[in-house]
Every structure is written in C-alpha cells, then in structure tokens.
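Welcome, and thanks for taking a look at this one.

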Amino acid sequence: MARAPDYRQLQAFVAVFEERNITAAARSIHLSQPALSSSIKLLEETLGTTLFVRLARGVEVTEDARVLYPTARRMIADAEGLSTRFRAQRDRAPLHIGIECDIPKALVRLLINEAAPAIPHLLLKLLDGCQGDARLASEELRCEDELFLPLQEEPYLLAAPSGHPLELGRAAPTSTMSSVSWITCPTHPIHQRLLPLYGLAASEPAAQANSLELALILTSAGRGVTIAPQSLIAEHDGLIGLALPGLELKRRTGLCYSAQALSNPALSALRDTLDRRARHPIE
C-alpha cells in the first residue's frame, strides 16, 4: 500500500513553495535545513515526482508542485482544524447544575446568562433534580451539609384563573376559604403550614399534585385554586395571584452547593458572580 504524505512533509512543502528558499522556509516553520530537506525528499519519494529544482539562489517549483500546493494547503488546514477542535473540547470547563422542580424559568435564565461570561470556555450541563456540582433549589430543600446562596425572595400567593370570584378586590377573603376547591401538594414542605388555611377542605381537596408546577397546571385547567410562589404563577397565562388572608409566606430560592464542590473552578467562579448578583436579588 502506497504511503500517504504526512503533516510535517506537507508543512515543509508549503513553506518551501511559498518562500522559494530552503533556508527561509526552515526558519519559518522552526526546522533545521537538513530536517526540512529530508521531509521534502520523503514527500517526493512518496508522490513519485520532483517538486523543486535547486538553483544557485533558492529553488524553482515544478508544475507538479503547483498542482499539489492548493491540496496541501487544504490538508494542513483540515489537520489544524481537527487539532483545534479537540483541544478546545479538552480545555473546556465542565459545570453540571441540577434544577429542582418548581424553579421559575427566569431564575434558570439568570444562571445561564451569568455563567457564560464568568467562566471562559464553559461547558454547562443542566440536569433534572438533585444532582450535579450544585443545584438551583428553594432553601427548604437545602441539605444539612450544603451552603445556600439566595438569589430570589418572593411571596406565596393564592393562584386562581382570571375571572374567578376570588379576584374581586385582588385578595382572598378569609370568609370564603371554606368553600374554595383546593388543589394541594401534600409532599411539599409548605403543606403543613397551609393546613389552617385549608381547614376541613384539606381532607377533601379537589385535586392533588406532587409539585407546585403541576398544581398550577390543574388550576389553569379550572380544577380549583392552589398556593404557589409569585414567579411560578406569573409564568402561567390566565392565572392571577392573590394575597393570602392572614398569612405572609415567602420563599427563598438560590444555589445549593457543598464546600467541597467549590474545588471545581467553574463552580467557584459562578458562585462569586452570583454572590455579587445576589446583592440585588430578583423579587
């Protein structure tokens, strides 16, 4: 099987073709003259043709050399492109962020927009749930060994379809709570704090959901009303948010991470950037 020209041979050929001088060509690609001459000789043997004719001063290119030149330039560019591509992949900074349920899209966009300029060559991977180098979650879901950087603080509101009788006055009167069709989230940490508001209806809800986002979908479908953070309600067209009667409940959402995870330079850079941003949290 015939040998194919290698990268160094093609590089030497292009240098000599462009310089028309062995000494200048060797200098341009940081080779010794003997090494460059050897590469040209091997290339000529591989192709079975003469590429250069030595003159008293410099070299003269043959017709075969003129034919080879554009192909050689393209092959070198392709080889360098591959090297750059895989080197860039190797040098990228990986960062995996878990996104817990019931996180508003605006907060996820904030993280993405802050991460890109803060971390050169970032390779960001978003994951579902409790996994990754860090995660976006509400403070009540923070593990004991995790640190918490708050990014958003907002009230819980009563979510109802636009035009619902409770919309009058933009607040939910306590006297009507017993007749409300509730959609509850029994597995959510806030559920116990809402039992006094639900009253007897807690044992006979109109529907139940495993997340606040799913509860809001049920509300949008007209199955009843639910209680959710203001930002999540705002992401559902056709829903309104009303102040809770006699209750002031707030939720803080932010970045959960362990101290050990900061050994990842990408996470450390993101944490520092978000820390500066947290001085002006989303409300």
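Domain bounds here come from an automatic or database domain assignment. On that basis the protein chain of this predicted model splits into domain 1 (7–89), domain 2 (93–151 + 252–279) and domain 3 (154–251).

**Where domain 2 meets domain 3**
- The C-alpha centres of domain 2 and domain 3 are 28 Å apart.
- Contact between them involves 11 residues of domain 2 and 12 residues of domain 3.
- Together, domain 2 and domain 3 bury about 840 Å², with 48% of it on carbon and sulfur atoms.
- On the domain 2 side, the most area is lost to domain 3 by Asp102, Pro104 and Glu140, which together account for 61% of what that side buries.

**Polar and charged pairs across the interface**
- Six residue pairs are in polar contact across the interface of domain 2 and domain 3, both residues at pLDDT 80 or more.
- The count of salt bridges between domain 2 and domain 3 is one.
- Glu235 and Lys105 join their side chains in a salt bridge, at 3.8 Å from N to O.
- Helix H5 (105–118) and strand E11 (250–257) each provide at least two residues of the domain 2 side that touches domain 3.
- That side of domain 2 has five nonpolar, two polar and four charged residues.

**A look at Glu146**
- Glu146 sits in the loop between strand E5 (134–138) and strand E6 (147–161).
- Its relative accessible area is 12%, so Glu146 counts as buried, the cut-off being under 20%.
- A polar atom of the Glu146 side chain lies 2.9 Å from the backbone nitrogen of Cys143.
- Leaving aside residues up to four places away in sequence, Glu146 touches Arg135, Cys256 and Tyr257.

Conventions
Residues are numbered from 1 along each chain as its sequence is written. This is a predicted model: local features need pLDDT of at least 70, side-chain atom pairs count only at pLDDT 80 or more; totals for chains, interfaces and linings use all residues. Side-chain values use heavy atoms; hydrogens and water are left out. Helices (H or I, at least four residues) and strands (E, at least two) are DSSP runs, numbered from the N terminus. Buried means under 20% relative accessible area, exposed over 50%, partly exposed in between (1.4 Å probe, protein chains only). A polar contact is a pair of N or O atoms within 3.5 Å; within protein, one must be able to donate a hydrogen and the other to accept it, and residues adjacent in sequence count only if both atoms are side-chain atoms. Contact means heavy atoms within 4.5 Å. Buried area is the accessible area (1.4 Å probe) that two parts lose on being put together, summed over both. A salt bridge is a side-chain nitrogen of Lys or Arg within 4 Å of a carboxyl oxygen of Asp or Glu. Ala, Val, Leu, Ile, Met, Phe, Trp, Tyr, Cys and Pro count as nonpolar, Asp, Glu, Lys and Arg as charged, and the others, Gly among them, as polar.
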